[in-house]
Amino acid sequence: MALLQIAEPGQSTAPHQHRLAVGIDLGTTHSLVATVRSGQAAVLPDAEGRVLLPSVVHYGHQDTQVGYHAQPWAVKDPANTIISVKRFMGRSLEDIRFDHPYQLLGHDHEMPAFMTAQGRKTPVEISTDILKALRLRAEDSLGGELTGVVITVPAYFDEAQRHATRDAAQLAGLNVLRLLNEPTAAAIAYGLDRTAESKPDQIQVVFDLGGGTFDVSILRLNQGVYEVLATGGHTALGGDDIDRLVGRWICQQAGHIHLTPADQQRLAQESRRVKEQLSQTNSVTIHWSNWKGELDQTTFDKLIEPVVERCLAVCKRVLRDAKRQIAQVDAVVLVGGSTRIPRIHHAVEQFFGQKPLCTINPDQVVALGAALSADQLVGNRTDGALLLDVTPLSLGLETMGGLVERIIPRNTPIPVARQQEFTTYKDGQTAMLIHVVQGERDMVDHCRSLGRFELRGIPPMLAGSARIEVTFKIDADGLLAVTARETTSNVHSEIVIKPSYGLSETDTARLLNEGFQYAKEDQQLRSLFEVKVEAERELMALEQALEEDGHLLDPDEHVKMRDAMTELQKALGGSSQTAVEMAVVRLKSHSNAFAAQRMNRNINQALKGTSLKDWS
Amino acid sequence: MNHFELFGLPVQFEIDADVLSSRYRELQQRYHPDQNGFDAQEALRLSTLVNQAYDVLRMADRRAAYLLNLRQQGGGLEQSIGDSDFLQHALELREQLDEAESGIELASLRMEVQQWLDALSREFVIDLDDEDWIEARDTARKLAFMQRVLADIDRAEDRFDDFDSDLDDDF
């Protein structure tokens, strides 16, 4: 029954309030925050009017600097100035194979921590510092607390990377409305920009080459719905890598073999300058160490050819996955600063046979799209398009021989749920270990390990009789939840999630929480069952004890105890957890006294025939 | 309510792909968690159901199996194909796939498999009409087989594009 809202005289009912929502592009090299104001999406500048926030954090002994203020420290104090932390998010120590000047701590399979002047800092905490800066900027600009944010992630980010991103946002005190894939965000920004276009059913390709990640998505825009048909990419390919290729060339030319961390950072900055200049001029002069030379367009193009080839290979595969031909593509959108490189721009144009769109600033387009999405999700607007995204990587389980059995294939529309049935292989087996991985390879070792789920509490049965139904769910954020139950006895097994990257207690608790989110109602049933099992065990033990030592009780006590046991027996036949619990409590008041009597008798017997001398 | 009913489509094998995807969009617009007005958990459940149904309806092999199950005739689908002629052709296809040396060869293989799928689809409609369940099941198995061959061709094409799916390449 809906309640009528009755206003006080003189006071109108509050009109639908405009909620403050922003979109955040947490980029590898730069981050941005944008919002929708008066129906228009716009990026928010800092006090100095700059919209980009360098994703750089410096941890000094006295204070922490984020952004432009942190950048000069990269050369002065490289070990404590964290650059491109996104490349470390959700990654284990052994995953990190690119050059960097940092001291990383932790085991091979753990998400590493940086050793800084302020102690250990995990990639999650460092990202939080960046997000806090953006949050402050937004709240200052908009003059109030944020209701929610949409944070973008590369479409190709896996579970661990997504979780890490969401954790960072939550630590920054942000309410995450959605983790949005970057190409989808860009499509939103362009889609709405092109409402003038008449074609009702469009196929759009988003080519997103940023500072550290590469994504390609193919979307269909139709009837107000953005449907991602397929997505692909590389989470360790971007402008940073192009800088490294240039840097390597410079070192080779200069004969500079050993670089200090400070050198590395200076080289990275110089390489970036050279790369950016080559987007404007044909040749750039470089001074490095004692060497002076020229890098021209042709040589540069040859240097970055492996990058171009990989990007185009991904495009081919994504087209295949989407079951579309190049000729069917209506528009190609360029996103990310690295698409400004002439060779890249040209390669995309050649491959798709059409001029790509870059009318919206490629640095800003993702944040703008995120802002539009946030505006919609927070309820400020209801006429926006619906986004139907997909999971970018196949989800599978480890089976015999280290192979992967695919449960949810890549590019499956989300949200999605799949079930898989397992059984026990040993008589009386009560636990089972399930190893979940993400990736396209056939061997477990070549895929990304997401976690080992331990199912406990399987009722002991003959091998092969148990029916364990495991349900895998991926929600609209692309995050996974796993639940399990044994169907023949309807026992909802306990799930203990051991994430593959040694996360903190808080994280483990968080993961457990999410796992149970989808089994809330099941939890109640589980509780009742457990309580009953416990009570039944106690009753049995008590029966046994009465058989042996019933004579210890006087007839009055005996009767009272029997009454309490009958009560409990009755309650066990019903389905009220409270009734069972109350009966147990009542019984305990008698059985405890009985137990004490038996104990005394036992001690007396043990002591009989012995003297104090024997015990000292 | 079965998947066809959910999508407002007649319970039959022939399906209009455009109508199917149009209905899919409409359903998601109604039930997706992002659309305000629905309880979040309920929306998640419904949206997942819609995705599940869509997944079944749009692939010929899954649609065929589903139709058989609706008529309680889906038992034994996981058994092997009985038709030895078909198996002979299947073996040849696999051999061709293993020996393919170029994208062009794979493309022509793909066309051949697509033709198989089309023919099998027509056959299934007849089997269903005649209520010839034994035949229908075998046709459904063949459809599933051919679908798997298509997936393998996809993987082979990936390899030709030098795509090694390594997440952590060093540049």
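Good morning. Please keep in mind that the model is predicted.

I begin with the packing of the interior. As a general point, nonpolar side chains in soluble globular proteins tend to be buried together. In this model, the largest nonpolar core comprises 137 residues. Which residues have the most contacts inside this core? They are A34(A), V149(A) and V333(A). Helix 10 of chain A, residues 365–377, supplies the largest share of the core, namely nine residues. The core also draws on two domains of chain A, with at least three residues from each: domain 1, covering 21–238 + 305–388, and domain 2, covering 393–518.

Let us look at A34(A) in detail. Leaving aside residues up to four places away in sequence, A34(A) touches V22(A) and G23(A), then A41(A), A42(A), V43(A) and L44(A), and finally A367(A), L368(A), A370(A) and A371(A). Apart from the core already described lies another, of 16 residues, including V113(B), W116(B), L120(B) and L128(B).

That brings me to chain B. Its secondary structure consists of seven helices and zero strands, so the pattern along the sequence reads α-α-α-α-α-α-α. Taken along the principal axes, the C-alpha atoms of chain B fill a box of roughly 60 × 55 × 25 Å. Chain B has 171 residues, of which 26% count as buried. Among contacts in chain B with a separation of 6 or more, 60% are accounted for by residues 24 or more positions apart.

How is chain B divided into domains? Domain 1 spans 3–58, and domain 2 spans 84–160. The C-alpha centres of these two domains of chain B lie 28 Å apart.

Chain A contributes 34 residues to the contact and chain B contributes 25 residues. On the side of chain A that touches chain B, two or more residues come from each of these elements: strand 15 (225–234), helix 5 (239–254), helix 8 (305–322), strand 19 (386–388) and strand 24 (416–422). Which element gives the largest share of that side? It is helix 8 of chain A, with six residues. Sorted by class, the side of chain A that touches chain B has 17 nonpolar, five polar and twelve charged residues.

Thank you for your attention.

Conventions
Residues numbered from 1 in each chain as written. Chains lettered and ligands numbered in written order. Predicted model: local features only at pLDDT ≥ 70, side-chain atom pairs only at ≥ 80, totals over all residues. Core = buried A, V, L, I, M, F, W, Y, C linked by C-beta atoms within 7 Å. Buried ≥ 20, exposed ≤ 12 C-beta atoms within 10 Å, placed from the backbone. Helix = DSSP H or I, 4+ residues; strand = E, 2+ residues; numbered from the N terminus. Domains from an automatic or database assignment. Contact = placed C-beta atoms within 7 Å. Nonpolar A, V, L, I, M, F, W, Y, C, P; charged D, E, K, R; others polar.
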